[in-house]
Amino acid sequence: MVIGIRPTVDCVFKNLFGSDKNKDLLLCLLNAIQKASKEDIIVSIELLNPFNLQNYKPSKLSILDIKAKNEKGEYFLLEMQIEMYASYPQRILYYWAKNYSSQLMKGDNYKNLKKTTIISISEKTIGEIEEDEEYY
């Protein structure tokens with residue numbers, strides 16, 4: 001029976017993959033992507049607060065669809081995008097940079113940075129990005 005709920009709709013995507021009760025679905029999705037990109041399989045995943053908090057009042061607040069961390073401390077940022085717009089590649093790069101850079105505090109060593117992967121699932125092509133080995 002088809003119920004007509006599209007998993008690409010933001011609130012459905014977040015409920016399917018971004019809730020503790022469905023964490024096994026997120027783990028399956030991430031491992032399918034990991035396998036396709038020849039990355040290590042993920043054993044466990046912890047869901048994190050999807051808000052990228054502002055460092056000071058005038059800075060930009062951003063909210064990811066899903067933010068998670070695996071057993072190695074590596075981060076996974078997931079975004080579902082139905083409509084595409086010209087600045088979307090910059091937006092996902094900003095999300096990645098904000099999360100990657102927020103791992104260190106004053107005096108921390110750069111070698112402590114953990115891998116941060118952003119996964120953007122979209123119904124439409126992302127602007128000028130051509131299909132190659134860097135993007136799936």
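Here is a short walk through this predicted model, from its overall layout to a few individual residues. Residues are numbered from 1 along each chain as its sequence is written. Because the model is predicted, local features need pLDDT of at least 70 and side-chain atom pairs count only at pLDDT 80 or more, while totals for chains, interfaces and linings use all residues; side-chain values use heavy atoms, leaving out hydrogens and water.

Let's start with the whole chain. The protein chain has 3 helices and 6 strands (DSSP runs, numbered from the N terminus: helices are H or I with at least four residues, strands E with at least two). Read from the N terminus, the order is α-α-β-β-β-β-β-α-β. Of the 136 residues, 32% are buried (under 20% relative accessible area with a 1.4 Å probe, counting protein chains only; exposed is over 50%, and partly exposed lies in between). Among contacts (heavy atoms within 4.5 Å) with a separation of 6 or more, 51% join residues 24 or more positions apart. The chain exposes about 9,400 Å², with 56% supplied by carbon and sulfur atoms; accessible areas come from the Shrake-Rupley method with a 1.4 Å probe, and for residues only the protein chains shown count as cover.

Now for the interior. Leucine 26 touches Phe17, Ile45, Leu47, Ile66, Ala68 and Leu78, leaving aside residues up to four places away in sequence.

Next, visit the loop between strand E4 (66–70) and strand E5 (75–81), where glutamate 74 sits. Glutamate 74 is buried yet has no salt bridge (a side-chain nitrogen of Lys or Arg within 4 Å of a carboxyl oxygen of Asp or Glu). The nearest side chain of opposite charge, lysine 72, is 4.8 Å away; Lys and Arg count as positive and Asp and Glu as negative, with His and the chain ends not counted. Beyond four places in sequence, glutamate 74 touches Ala68, Lys69, Lys114 and Lys115.

Finally, serine 44 lies in the loop between H2 and E1. Its relative accessible area is 34%, so serine 44 is partly exposed. Its C-alpha atom is 9.2 Å from that of lysine 23, 21 residues apart along the chain.
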